Structures are given as C-alpha cells and as structure tokens.
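Dear colleague,

I am passing on the structure below, together with notes on what I found when going through it. Please read the notes with the model open beside you.

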Amino acid sequence: MIASCLCYLLLPAARLFRALSDAFFTCRKNAFLAKSSSPQVDGDFAMAPRGPDQEECEGLLQQWQEEGSSQALSTVSEGLLVDKGVAESSLAHLMDNPGEQDAASEDKWSSRQLSDLWAAENLEEPFPEVLGEEPLPEVEGPMWAEVPVQTGPQYADCAVLPVGALAAEQWEEDPAVVAWSIAPEPVPQEEAPIWPFEGLGQLQPPPVEIPYHEILWREWEDFSTQPDAQGLEAGDGPQFQFTLMSYNILAQDLMQQSSELYLHCHPDILSWNYRFANLMQEFQHWDPDILCLQEVQEDHYWQQLEPSLRMMGFTCFYKRRTGCKTDGCAVCYKPTRFRLLCASPVEYFRPGLELLNRDNVGLVLLLQPLVPEGLGQVSVAPLCVANTHVLYNPRRGDVKLAQMAIFLAEVDKVARLSDGSHCPIILCGDLNSVPDSPLYNFIRDGELQYHGMPAWKVSGQEDFSHQLYQRKLQAPLWPSSLGITDCCQYVTSCHPKRSERPAGWAEPVVEEDISEPEPDFPRTVGTIQHCLHLTSVYTHFLPRHGRPEVTTMPLGLGMTVDYIFFSAESCENGNRADRRLCHDGTLKLLGRLSLLSEEILWAANGLPNPFCSSDHLCLLASFEMEVTAL
C-alpha cells in the first residue's frame, strides 16, 4: 500500500521533471542556434515539451520498485532538483491538483508557463550542466522569452574605450587588441573604405568614424586665438599657414637588432606590414604639409613609403646613414604649398676624427611658400626645414655636440640671407637628449660652456655620476681642420648654390663646399654658440596635469627626446616663456598636437602599441608666416 502511494506521488513528479528538463534543454539548443548566422531557425524558442510516454512511465515505476523508496527519493531530490524547497513546493502543488495526475497525454507546457514557474520558485540554476556542453552567459529578462533571430553579423565594428574607462575596464588578454572592445549591439555592416596603398589588402584601417587622434587620446592645442608675446592679436593681413610633423618611425632592422626592447609587444603588431599601414593612416589623418621622418629604412622607403607618400601628394628627399647602416632621414613636402629652392644632405662622419666617426646624418631643405594668385604682388620669406637624428649613446655627449655643431653650421649656411640675417627656421628630429639638458639648452639659448663637463651629462639620458672614470669635455671640442667655428658656422661661409641633378635625387641640391678651410681662426675657450634664435614648440609638461610630456618609452621609462624648434626672438623683457613670436617675416606658432604622459602610455601597453606603431610619438605643429606686399 505504501509503495503504491509513493508511486502515485512520484510518477507525476518525474513527469514534471522530465517536462521541465526537455523545455530547458530545448531552450538552450534554440538559444545556441539563435547565436549562429543561420536564418532557418524561426518560431518560438521555448517549444512545448513532450510528456513521457507509457513505456517511460513503466520503466520508472519498475526502477522505483527495484531500488526502494528511500533510495529513489534521495536520487530524485539530489539529481534532478538543485533546490530542496522547489521540490517540496512542486510536490505540494501536485497533491493539491490530483486531476493533473492522469493527464499525461495533455501535459503541454507553454513557454510563458515555464517562465512563470521558474520566476515563482526563484531558481538561479535550474539544472546541472550537461556533459560536454559549455555554460551559456546569463541574459537579462525572462529566461524563456522568445529571442528573435539575427540574420546579419553578430558583432559590430571595433569601438574605442574612452579615457575615463581606463581604470575601470579590463584590457583584453591579447595585447594586439589592447583598448578595443566589442560593441554591445550589432550594427549593419558598411562597405569598407578603399585603402589606396599597394600590398596592404590583408590589413584594413580602423573605421572612418573613429578619428585617429581619439584613438590615441591626443588633443589639438590651439593658440591661434591667443594674443602674441607682445599682447597683440594676429594681424588682419594675409598669412601663410602650414603644418609640420616630425616622427621617428622606428626602422624595422633596428627593431629586430634590439628585440629585447619590445618583449612587451605582441609579435603581430611588430610586423612591418602592420606598422606601415598604421603609419600611413597617421599621415593621412593629420595630413601635414611638411613631413620630417627619422629611422626610415632604405628599402622600405623606396619600395613602399616614397610611392605611397607620392600618391598622397608629397615630394620626398631621403638621406641614408653612412657606412653599412640601412636607415636614414627623410623630408617630404607638398609641392602645392612649397617650391624647393635647395636641398642639402648632411653627413657627420669625418675620416680620421675619433670624435666624428659615427654614421648619423641630417637633411636641410630651403622651401619657398606658394601663395594664391589672387593676393596680387606679395611675397613670403623662404622657410628652412632641418631634420636630423643624432647619436644615441648616452655616454658620448661630446659626439652629440660635435654633430649638432655641423648641423647648425649647415642650417646657418642654407638659411642665411644676403643681409646676414636668417630666414625662418624649423629644426626638428630625434636629438637623443632630454629637456633642460646642456644640449637642449644650447639649442634654445644659443650658448653652452662645456669645458670640464662630463660627457654623459650633455644629453641627460642617464646618470653615470657613480662611475669612477668619466670622460670630460676638453676645449676645443673639435679641431680647426673641421672648418667650423665655435659659433657653429662654416669658416668659408657661402650661400646655397644650384647644381645639376645627382643620381637618386628628384630635385637640385646644395653644392657642397669643398674648399680648404682657413687654417687659423679665433677659437673661444670652452664655449660654443649659435645665432639662430630657436625655441621649442612643446613646453615638456602637460598643462592640465603638470606631468612630464613623453615622446618615447625605452624599457618602459618615458622621456622626451624628439623636438620641433622654430625661429623666435626674445622679448624685450627677456622672459623666455614668452618666446613665441619673432619680428616681421618670422614664424608664429598657431597650435600643436598634445603629447601624452607616461601613465597613459603605460595603460596602452607602452610603445609600440596597436595604434602607435613606433616607439616614438609623432610631433605636429601649425605655423603662420606673414605675407608682405611688394
């Protein structure tokens, strides 16, 4: 009698469990199908479960009779229900509704009934996981609600994490997708923009609607509406405005030779194809009128960079480092904005001089700005653009100063006018020196007393004061046979001359002065000078945060070694902070692309990263030149 009663109670309960189980796994299967791209799934995902047939009921009763009532109760409660309270509530419901016990053929549960049942019982995990089946992520709303089928792509294009989410969001595990996240809702797939550069079909640029400067979180600092250094607004007359970018793009050969510096980077983002596409995207986005590049690998320049930049409207000049080095410097300009007057490559290597036995180079161009014809008879002063990459070695400040002296002498020769003054000058590049170092102060202030200075101190890159032996600078710094005075001018000063077009150059270049230097000329004692009146575009501290600006991050240590200097005269009050504007015919700084702090670059996994494909940040500035009537 007891066995019959227990069987009477348990048989409907087992049927209920089987019904719920069928409905649950049916919904899981449909939800999985809903995630696929197949459009053939339609109808309700929570289909009515089929009740157990007569053969299954008899088998369950036979199992109960064989195993005994106590064991079956334990098995049912532990195996099919995860919450004891739910089991008791379900059995009580069945006892209160005996009419449902014989309704096996009509046991059809709708999706709404099943959803309401689980909601009433507050069951978080209705069933244990099936073997070999991955758990599904939790979804909001009723579990059994109908899910419409998505026939389009399941994921939207990559989106950018906002700056405020850096501390809250967790980076993706793959460093190649740092700062990218999947958009929460699918959007219609748009036609990809045409990428005009050859050999880059395997890598598409980020979506057009995501500006590149927002990806890098860099802002444009506009000075055009601010009064000048003398408290005057910009003149109402016509002005010639242009932008210039300076960028160390990291030569692939140098990166591979120092691979230990890039262990933090995913290998995919270090490939040249990936980096080249990112670099071209930066050039396209900022669209400078003048582009000064360092660490330009020669084969990459001729095979990819120069053809691509030519397609973008640039005329390019390139100077490879001497010796067996495979990289060099390039200066590119838009012929629609400038006309070339002369171009002068600079080599720092001098045979027989230990001080100048390195292969670094520079490049100096003299450009004539082109004004619209509608302005009538007007003139604009020529512009001297100088680009270089000096020696890295932190211990050899003497070599750095000698290289800079040669470079400044070439700039002085190219930019000097007939009356002895200089046309506007922009000097930029990777100087491998930190702000306020002796080399930096020499360029900015025009004078340096170097005698007795430790050589490592010139650039300020590293502190070697703890070492017993320290190379110290002695006067004179370079021999008179170099033909350069202590004022960083050639002994035989001459104006740029035109010459025939040499091999490998698209335009005329400056004819090198091969005359013998004068053997005797006055030398100062332990002091070098120049008279170019240069100041830095950047202040080297972020104005809002007071943190140092960073242009590179070797081994995770942020520092500034890249610069854009431009012509600027001191004001009458002598306040160097106001050295932004010169007298007539010179340059005015209109704006600059802000740099980043070390903390922000750390959050982006340093340099290079998926968005900045060099170990340096690009520098960008906008200038204005006065147009005078004839």
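In what follows, a residue is called buried when its relative accessible area is under 20%, exposed when it is over 50%, and partly exposed in between, with a 1.4 Å probe and protein chains only. T315, at 17% relative accessibility, therefore counts as buried.

Two remarks on the basis of these notes come next. This is a predicted model, in which local features need a pLDDT of at least 70 and side-chain atom pairs count only at pLDDT 80 or more, whereas totals for chains, interfaces and linings use all residues. Residues are numbered from 1 along each chain as its sequence is written, and side-chain values use heavy atoms, with hydrogens and water left out.

On confidence, pLDDT is the predictor's confidence in each residue, on a scale from 0 to 100. The mean pLDDT of the protein chain is 73, and 57% of its residues reach 70 or more. Over residues 136-187 the pLDDT is below 50, and this stretch has 88 contacts in the model beyond near neighbours in sequence, a contact being heavy atoms within 4.5 Å. Residues 572-585 also stay under 50 in pLDDT, and for them the model has 33 contacts beyond four places in sequence.

As to the chain as a whole, the secondary structure comes to 12 helices and 19 strands, where helices (H or I, at least four residues) and strands (E, at least two) are DSSP runs numbered from the N terminus. Buried residues make up 47% of the 630 residues in the protein chain. Among contacts between residues at least 6 apart in sequence, 75% join residues at least 24 apart.

Turning to the sheet, two strands are said to pair if DSSP finds at least two bridges between them. In this sense 6 strands form an open sheet with mixed pairing, in the order β8-β9-β11-β12-β16-β15. β8 (338-347) and β15 (534-536) stand at the edges, and because each has a single partner strand, one side of each is left without a neighbour in the sheet. The twist averages 20° from one strand to the next, with axes taken as lines fitted to C-alpha atoms (for helices over the stretch in contact) and angles running from 0 to 180 degrees between N-to-C directions.

Although β8 is an edge strand, 7 of its 10 residues are buried, so it is largely enclosed by the rest of the structure. β8 pairs with β9 in the antiparallel sense over 9 bridges, and R339 stands opposite Q368 in β9. Strand β9 (residues 361-369) is in turn joined to strand β11 (residues 383-389) by 6 bridges, and these two strands run antiparallel; here the bridge partner of L367 is L383 in β11.

Further along the sheet order, G429 lies in strand β12 (residues 425-430) and is buried, with a relative accessible area of 0%. Leaving aside neighbours within four places in sequence, G429 is in contact with S246, Q294, N387, T388, V561, D562 and Y563. G429 and Y247 are 182 residues apart in sequence, yet 7.3 Å apart in space, C-alpha to C-alpha.

Some backbone geometry deserves a look, since most residues other than glycine have a negative phi, and most peptide bonds are trans. E295, in strand β5 (residues 290-297), has a positive phi near 55° and counts as buried at 10% relative accessibility. N432, in the loop between β12 and α11 (438-445), has a positive phi of about 50° and is buried, with a relative accessible area of 5%. The peptide bond from A475 to P476 is cis, with omega near -5°, and P476 is found in the loop between β13 (447-449) and β14 (527-529). A cis peptide bond also joins L607 and P608, with omega about -5°, and P608 is placed in the loop between α12 (598-603) and β18 (619-626).

Finally, to return to T315, this residue lies in strand β6 (residues 315-320) and, leaving aside neighbours within four places in sequence, is in contact with V331, C332, Y333 and P335.

With best wishes
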